[in-house]
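Please look over the sequence and the model before reading on.

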Amino acid sequence: DRGGAAMTTPASSRPVGTGGRAASDAVLVTGIGELVTCAGADGTIAVDAAASVAQRLGLLRDAAVVAVDGVVEWVGRAVDAPAADRRLDLGGRAVVPGFVDSHSHLVYAGDRAGEFSARMAGTPYDGGGIGVSVSATRAASDDELRALLQARIAEMRALGTTTVEIKSGYGLSIADEERSLRLAAEFTDEVTFLGAHVVPPEARADRAAYVDLVCGPMLQACAPHARWIDVFCEPASPHAFTEAEARRVLVAGRDAGLEVRVHGNQLAAGPGVQLAVEFEAASVDHCTFLSPADVDALVGAAGTTVATLLPGVEFSTRSPYPDARGLLDAGVDVALASDCNPGTCNTASLPFVIALAVREMRMTSAEALVAATVGGARALRRGDIGRIAVGGRADLAVLEAPSFEHLAYRPGMPLARALDLT
């Protein structure tokens with residue numbers, strides 16, 4: 001398990017000290033009408049389809065949580081809560097684990113609204129628009145990118161997200177990829193090197209040379225700032241990477257000490273899922289077009305490789321949605337994430353993603369919530385987030401609603417926000 005801050009402000013603007021409070025300041029969060037721990041009665045998620053929602057979600061009524069220094073110390077009924085230094089009464093609102101967004105592309109400048117409008121008018125997506133964001137990102141200063149990142153993180157917290165993974169991929173040069181990761185690391189521990197996002201325009205005449213660059217000098221410069229290596233393995237796109245190219249990138253990243261993630265099977269059936277399972281990747285993301293063999297491979301990799309579904313992309317590209325129902329019924333580990341990016345899904349709202357998953361992918365409200373919390377944590381190989389349990393991070397999202405079911409029941413409404421315990 002990785003510790004440390006999940007989503008933060010830059011070091012230069014973080015508050016100093018505790019505002020006069022003791023270093024070990026116990027906070028009692030009470031008045032919780034419905035508490036969803038996503039931990040089950042014994043701290044694990046029940047998988048028995050016959051289990052009740054309460055059993056699967058660890059659902060408590062009239063509950064309370066005590067946190068000390070950002071860590072959960074106690075969970076239970078409000079009437080049984082121990083004393084604490086401070087008391088925060090939520091007035092009967094529901095509380096769920098803070099959402100874990102395990103796939104985002106937040107380091108970018110520029111705007112691709114015109115591309116979105118063109119897609120809505122019938123232009124298909126093939127990955128080529130990424131070059132527009134690369135040009136704008138390269139032209140932006142560090143301070144401009146940092147300010148954009150800080151604003152996007154604030155948007156996420158306002159929507160209930162408390163942990164986010166951030167990829168590079170809009171620099172695609174040594175200097176620009178390195179600074180993208182360096183800036184991302186100011187905000188999260190979950191930083192992913194994605195120099196193999198697409199082949200940039202200036203390198204298309206010699207793809208092999210660009211792959212050499214990614215696997216060599218670019219990786220050397222970027223690895224110190226990252227935890228993960230990722231690649232857009234999508235032979236259906238002329239801009240992305242073939243299986244052989246992707247394999248080279250993943251081997252190089254793994255040899256450099258980075259853990260593996262894969263973009264795969266977004267535009268057509270292809271080798272991405274099989275490659276991810278072979279490399280024991282933490283997650284293979286998109287999974288829109290899967291063969292029966294792909295599903296079997298993911299079933300066999302349960303506990304190791306998570307299928308991270310990104311329905312905001314299908315919404316924004318008018319593409320078929322992944323078969324979440326089939327994956328869940330087969331026994332595949334599933335996560336939901338935003339894929340917030342300037343081209344194919346310019347939203348950071350995991351409540352919206354949950355609503356899409358329920359409406360368009362036939363997930364239940366409970367399954368969607370677990371996928372956006374526990375599932376995201378598994379996709380990041382984290383055991384300290386995604387659930388509300390003693391010893392875990394006190395990352396809570398409060399809902400302006402009496403029940404978690406309102407996340408899908410009231411789509412588009414500002415229901416969720418990260419709870420500030422400082």
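**Helix α5 and its surroundings**

The buried residues of α5 pack against α3, α4 (142-158), β8 (166-167), β9 (191-196) and α6 (207-222). The model is a predicted one, in which local features need pLDDT of at least 70, side-chain atom pairs count only at pLDDT 80 or more, and totals for chains, interfaces and linings use all residues. Residues are numbered from 1 along each chain as its sequence is written, and side-chain values use heavy atoms, with hydrogens and water left out.

- Helix α5 covers residues 174-184, and eight of its 11 residues are buried, so the helix is largely enclosed by the rest of the structure.
- Buried here means under 20% relative accessible area, exposed means over 50%, and partly exposed is in between (1.4 Å probe, protein chains only).
- Asp176, Glu177, Glu178, Arg179, Ser180, Leu181, Leu183 and Ala184 are the buried residues of α5.
- Helices (H or I, at least four residues) and strands (E, at least two) are DSSP runs, numbered from the N terminus.

**Serine 133 in helix α3**

- Helix α3 spans residues 130-139 and includes serine 133.
- Serine 133 counts as buried because its relative accessibility is 1%.
- Apart from neighbours within four places in sequence, serine 133 is in contact (heavy atoms within 4.5 Å) with Ala109, Arg112, Tyr170 and Pro342.

**The chain as a whole**

- The chain has 14 helices and 16 strands.
- Its radius of gyration is 21 Å, close to the 22 Å that the globule rule gives for 422 residues, so the chain is as compact as a globular protein of that length.
- That radius is taken over C-alpha atoms, and the globule rule is 2.2 Å times the number of residues to the power 0.38.
- The C-alpha trace spans about 70 × 50 × 40 Å along its principal axes.
- Of the 422 residues in the chain, 56% are buried.
- Among contacts between residues at least 6 apart in sequence, 74% join residues at least 24 apart.

**Confidence**

- The average pLDDT of the chain (the predictor's confidence in each residue, from 0 to 100) is 92, and 91% of the residues score at least 70.
- Residues 1-5 have a pLDDT below 50, and this stretch has 16 contacts in the model beyond near neighbours in sequence.
- Residues 9-22 also have a pLDDT below 50, with 12 contacts in the model beyond near neighbours in sequence.

**The cavity**

- The structure holds one cavity of 30 Å³ or more.
- A cavity is a set of points, on a 1 Å grid over the protein atoms alone, where a 1.4 Å probe fits but cannot get out; lining residues have an atom within 4 Å of a point.
- The volume of the largest cavity is about 100 Å³, where a volume is the space filled by probe spheres set on the points, and grid points are joined across faces, edges and corners.
- Its lining consists of 13 residues, of which Tyr125, His197, Asp339, Asn341 and Thr344 lie nearest the centre.

**Two residues with positive phi**

- Aspartate 339 has a phi near 55 degrees, a positive value in a residue other than glycine.
- Aspartate 339 lies in the loop between β14 (334-336) and α12 (350-360), and is buried, with a relative accessible area of 3%.
- For arginine 362, phi is near 60 degrees, a positive value in a residue other than glycine.
- Arginine 362 lies in the loop between α12 and α13 (365-379), and counts as exposed at 53% relative accessibility.

Key
On a 1 Å grid over the protein atoms alone, a cavity is a set of points where a 1.4 Å probe fits but cannot get out, and a pocket is an open set with protein on both sides within 12 Å along at least five of seven lines; lining residues have an atom within 4 Å of a point.
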